[in-house]
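Here's a quick tour of a model you can follow on screen.

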Amino acid sequence: MKKWIVVFCYIAFAKASFAQDSSKETFPSIHNFEASYLYGAILEHNPDIAHLISDHPTGIMLRYNRKTFGENEWESRYGYPDWGISGIYQDMKNRFLGEAYGAYGHYNFYFLNRNLNLSIGTGLAWMTKPFDPETNARNNAYGSSITSSTYLLTTYKRENIYKGLGLQAGFTIVHYSNANVKAPNNSTNSWLFTAGVNYTLDYQKTPAYKRWEKTPYKEKLRFNGVARFGVNESDVRGSGQYPFYTFSFYVDKRIGFKSSLHAGTEIMISEFLREYRDYQANSFPDSGITGDENFQRIGVFLGHELHLGKTSVITQFGYYVYRPIAFEKRIYNRMGLQRRLNKNLFASLSLKSHGAAAEGVSLGIGYRI
């Protein structure tokens, strides 16, 4: 049941992230569709997954792109990106990993006269053969059927070569991880070459781009409070899934149209740490953990927010100033998406990690004054 709550939150947030302000819609809707074949390799980012790399994975990527032409100022500032949805099917070519079916929301950013396309997509994937202690114990990459997934895609793309039909080719990195919702979670990263075709509907109606005048943009210091929650498990298999809560308080300073800076503090209440503490104290008495330690942590952090209209990308780096239980390193990082719901209220979806080791994905609600 818990994993379906996570699925629902992802879908709801993705829908809100790509919703457009219909009151500003004055341009015709131009839609583009892509279909690409994938072929590549699984990268050995962790020696623990070496036994899972046995052949070259293949797949198919399908993408829908909605063109922008400057209906909103941020579109002009970012060179008129596309937004859309995409799907990836990937055969991992390993009998323990099985296949993956992913659904994503994405943005496309253009360079070199709009021929070079850089895309980022994030969403969820369904893995057909997750870890099972009895039937699939060799799969230490995916501890659950539902995982989070992210891809980075670079393509050289030519549209409308002939009556709306075009071609593209490039490469992508696709990441699958359940963000430690359930152990094990060594994850996989696939490097894949792509080649395919694209088609633009109503290409004859493509309007001219609207250019907005660049004006200075600043705001005074603003104060924020965010409550985040999620479910995760320690790296000890079978230790159980537990809720965690994070309460963050920070100040932000808008330094331009695209960027804000953050500085703040937060308290983290992670129930899995209590179980981890008791396990270490009872099973490894020489570990230095007695079982009496507080499982709560306090951190301070600095961050950056990249604004894309009402949606923004947050990146934060923190340091534990209070950490009675020595779990992972003192430095941590958080990345995610935020969506403004009104003048003061916002929602967030973020992943907290220690370097490349994910601790948990959380849904948050915040207030800005």
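## Ground rules

Strands here are DSSP runs of E with at least two residues, and helices are H or I runs of at least four residues, all numbered from the N terminus. This is a predicted model, where local features need pLDDT of at least 70 and side-chain atom pairs count only at pLDDT 80 or more, while totals for chains, interfaces and linings use all residues. Residues are numbered from 1 along each chain as its sequence is written, and side-chain values use heavy atoms, with hydrogens and water left out.

## Strand 8 and its partners

Let's begin with the pairing (two strands pair if DSSP finds at least two bridges between them). Strand 8 covers residues 188–200 and runs antiparallel to strand 1, with 12 bridges joining them. Asn32, for instance, has Thr200 in strand 8 as its bridge partner. On to strand 7 (165–177): 12 bridges tie strand 7 to strand 8, again antiparallel. There, Ile173 sits opposite Trp191 of strand 8.

## A greasy patch

Which residues form the nonpolar patch on the surface? They are Phe33, Ile161, Tyr162, Leu165, Leu167, Val197, Tyr199 and Leu201, which together have about 750 Å² of accessible area. Areas come from the Shrake-Rupley method with a 1.4 Å probe, and for residues only the protein chains shown count as cover. To join a patch, a residue needs over 30% relative accessible area and no salt bridge; nonpolar side chains (Val, Leu, Ile, Met, Phe, Trp, Tyr) are joined within 5 Å, and like charges within 9 Å. A salt bridge, in turn, is a side-chain nitrogen of Lys or Arg within 4 Å of a carboxyl oxygen of Asp or Glu.

Strands 6 (146–162), 7 and 8 each supply at least two of the patch residues. Phe33 comes from strand 1 (residues 31–43). Phe33 has 37% relative accessibility, so it counts as partly exposed; buried is under 20%, exposed is over 50%, and partly exposed is in between (1.4 Å probe, protein chains only).

Most residues other than glycine have a negative phi, and most peptide bonds are trans. Against that background, the loop between strand 7 and strand 8 holds Pro184, which is joined to Ala183 by a cis peptide bond with omega of about 0°. That loop between strand 7 and strand 8 also holds Ser187, a non-glycine with a positive phi of about 65°. Ser187 is buried, at 7% relative accessible area.

Asp202, in the loop between strand 8 and strand 9 (222–232), is another non-glycine with a positive phi, about 50°. Is Asp202 buried or partly exposed? With a relative accessible area of 36%, Asp202 is partly exposed.

## Two side chains to click on

Tyr64, in strand 2 (residues 58–66), is buried at 19% relative accessible area. Its side chain makes a polar contact with the side chain of His31 at 2.6 Å. A polar contact is a pair of N or O atoms within 3.5 Å; within protein, one must be able to donate a hydrogen and the other to accept it, and residues adjacent in sequence count only if both atoms are side-chain atoms. Leaving aside neighbours within four places in sequence, the contacts of Tyr64 (heavy atoms within 4.5 Å) include Phe33 and Trp83.

Ser239 sits in the loop between strand 9 and strand 10 (242–254) and is buried, at 13%. The side chains of Ser239 and Ser234 make a polar contact at 3.1 Å.
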